[in-house]
Amino acid sequence: MPDVAMPRLSDSMEEGTILKWLKSDGDEVSRGEELVEIETDKANMTYEADQDGTLQIVAKEGDTLPVGETIARIGEGGGGDAQQTAQATDQESQSSGAEREPGRGAEDAAVSAASDQEAPAEAPAGAAAATEEPPSRPSEPAPAQASVAGDGERVKASPIARRMAREMNVELGGVQGSGPGGRIVKADVEAAAGGDGQAVAEAPAPEQPPAEKPKAPAPVVSGEKEAGRGETTTQDLTRLQQTVARRMAESKATAPEFVLNCEVDMEAAVELRKQLKVAAQDGRGSVPSFNDFVIKASALALRDFPRANGAYRDGKFELYGRVNVGVAVAGQDALVVPTIFDADRKSLGQIDAEARALAERVRAGAITPPELSSGTFTVSNLGMYGISSFVAVINPPQAAILAVGAMEPKPVVLDGEIQVRNRMTLTLACDHRILYGADAAEFFARIRERLEQPLLLAL
């Protein structure tokens with residue numbers, strides 16, 4: 001029967017998780033019929049049958065398998081093959097009990113062998129005496145009651161606390177320690193000897209040296225010991241969160257980045273957007289955001305600087321023929337970067353419409369792997385949260401990422417006079433393996449030029 005392998009549903013997919021089988025084992029399926037829902041590193045996708053036949057399920061729901069691993073089989077007589085496989089498995093299980101649970105037989109054998117060596121069924125008459133532990137030497141003191149708790153565990157105590165406990169006849173097992181990790185210290189023994197503990201000294205306490213320093217006060221601990229963080233819960237990462245964590249760690253570990261930043265005068269862009277608002281009132285479409293201005297300006301600059309639109313891979317430069325700008329969007333507990341394809345060829349209105357639609361699909365959890373793939377550059381904007389500037393992490397294997405801060409009115413000197421103008425801070429993080437300082441500075445200056453003269457965005 002032909003195998004159905006775990007498909008590669010995105011360019012970065014390495015493994016997938018079976019979420020739900022849409023058909024049952026033994027069902028007759030037709031070519032193009034939906035078989036299974038698979039969770040990838042970017043989205044949940046359904047996979048369709050590529051031929052007609054009887055379905056034999058191999059991978060269970062919840063199983064995570066690498067790309068190319070068999071998840072099912074489709075062919076004639078699928079149910080019979082499944083039954084034969086089950087019968088063969090039963091016969092193998094009956095013939096070898098160790099194979100019923102992987103590794104169990106080897107473990108039992110190891111335990112049995114160890115038992116035979118450690119405790120023989122019938123030992124020679126003198127064996128018991130030969131294997132007994134020798135008695136402790138009489139010259140060693142044995143303050144067993146002072147150093148062993150009631151449950152047989154050794155009591156944690158400092159050396160001076162142990163000495164004082166022997167001298168003052170204090171049982172350490174009944175003393176509550178106040179040191180780090182419950183360790184018994186000198187002050188705890190003195191308190192127990194004075195009547196605060198379970199054991200009280202019967203002999204008079206030794207004379208204290210006249211120059212002894214005063215006792216330190218007991219530490220003040222708020223709440224229960226060793227529980228200062230409160231109740232702790234652990235949370236598993238989703239496939240998407242695992243991918244974000246892996247790719248960000250890969251970026252910081254492999255890309256030698258450098259950062260450039262500049263302030264852009266947005267006065268002309270503000271005026272242009274006011275005009276677009278007036279035009280939109282006549283039903284001519286929505287008004288592009290300032291982030292759309294940045295996306296368009298970046299796309300045009302990328303067309304002029306091919307290396308900024310490329311990647312460093314295996315000692316070579318990859319230069320891409322299409323300008324596809326990714327837009328970072330806060331999704332469901334993860335960062336998602338959908339792609340605006342051919343952004344350099346689209347108008348501000350088209351970019352605005354696509355960016356809005358992609359953001360809505362991300363927040364609804366309906367984004368698909370093709371919409372998240374093939375980005376050549378990324379724009380990340382936190383200005384709406386009041387962030388003036390920040391450094392974003394490069395989205396590998398891209399050459400750079402542009403971080404956009406909030407637009408704010410600031411006093412600036414223009415023609416010898418102080419004026420208040422709308423300014424926005426941009427920060428460009430670059431992979432130094434493909435973008436060098438001068439090239440990156442020219443590329444960055446081209447973005448600023450088009451934002452400060454926004455009519456260039458229409459050309």
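**Reading the model, feature by feature**

Modeller: Buried residues make up 36% of the 459 residues in the protein chain. The model is a predicted one.

Biologist: How many helices and strands does the protein chain have?

Modeller: The chain has 12 helices and 18 strands. Among contacts between residues at least 6 apart in sequence, 61% join residues at least 24 apart. The chain exposes about 27300 Å², and carbon and sulfur atoms supply 50% of that area.

Biologist: How should I read a nonpolar core, and which residues have the most contacts inside the largest one?

Modeller: In soluble globular proteins, nonpolar side chains tend to be buried together. Here the largest nonpolar core has 51 residues, and Leu-426, Phe-443 and Leu-451 have the most contacts inside it. Helix α9, residues 290–304, contributes nine residues, the largest share of this core. A second, separate core holds 16 residues, including Met-6, Trp-21, Val-36 and Ile-71.

Biologist: With which residues is Leu-451 in contact, leaving aside its neighbours within four places in sequence?

Modeller: On that basis, Leu-451 is in contact with Val-264, Asp-265, Met-266, Ala-269, Phe-293, Val-294, Ala-297 and Leu-426.

Biologist: Why does the pair of Arg-421 and Asp-265 tie together parts that are apart in sequence?

Modeller: For any such pair, one asks where each partner lies. Arg-421 lies in strand β18 (residues 417–431) and Asp-265 in strand β9 (residues 257–265), so the pair ties together parts that are 156 residues apart in sequence. Both Arg-421 and Asp-265 are buried. The two also belong to a network of salt bridges that links Glu-263, Asp-265, Lys-410, Arg-421 and Arg-423. In total, the structure holds 20 salt bridges.

Biologist: Is Asp-344, which meets Arg-303 in a salt bridge, buried or exposed?

Modeller: One reads the accessibility of each partner separately. The side chains of Asp-344 and Arg-303 meet at 3.8 Å, N to O. Asp-344 lies in the loop between β15 (339–340) and α10 (348–363) and Arg-303 in helix α9, so this pair ties together parts 41 residues apart in sequence. Asp-344 counts as buried at 9% relative accessibility, whereas Arg-303 counts as partly exposed at 45%. Another salt bridge joins the side chains of Glu-354 and Lys-346, at 2.5 Å, N to O. Glu-354 is partly exposed, with a relative accessible area of 28%, while Lys-346, at 16%, counts as buried.

Biologist: Which residues other than glycine have a positive phi?

Modeller: When a positive phi occurs outside glycine, one notes the location and the accessibility. Asp-342 has a positive phi of about 50 degrees; this residue lies in the loop between β15 and α10 and, at 15% relative accessibility, counts as buried. Asp-415 has a phi near 55 degrees; its place is in the loop between β17 and β18, and at 75% relative accessibility Asp-415 counts as exposed.

Biologist: Where is a peptide bond that is cis?

Modeller: The peptide bond from Pro-396 to Pro-397 is cis, with omega near 5 degrees. Pro-397 is placed in the loop between β16 (377–381) and β17 (400–414).

How values were computed: Residues are numbered from 1 along each chain as its sequence is written. This is a predicted model: local features need pLDDT of at least 70, side-chain atom pairs count only at pLDDT 80 or more; totals for chains, interfaces and linings use all residues. Side-chain values use heavy atoms; hydrogens and water are left out. A nonpolar core is a set of buried Ala, Val, Leu, Ile, Met, Phe, Trp, Tyr and Cys residues joined through side-chain atoms within 4.5 Å. Buried means under 20% relative accessible area, exposed over 50%, partly exposed in between (1.4 Å probe, protein chains only). Helices (H or I, at least four residues) and strands (E, at least two) are DSSP runs, numbered from the N terminus. Contact means heavy atoms within 4.5 Å. Accessible areas come from the Shrake-Rupley method with a 1.4 Å probe; for residues, only the protein chains shown count as cover. A salt bridge is a side-chain nitrogen of Lys or Arg within 4 Å of a carboxyl oxygen of Asp or Glu.
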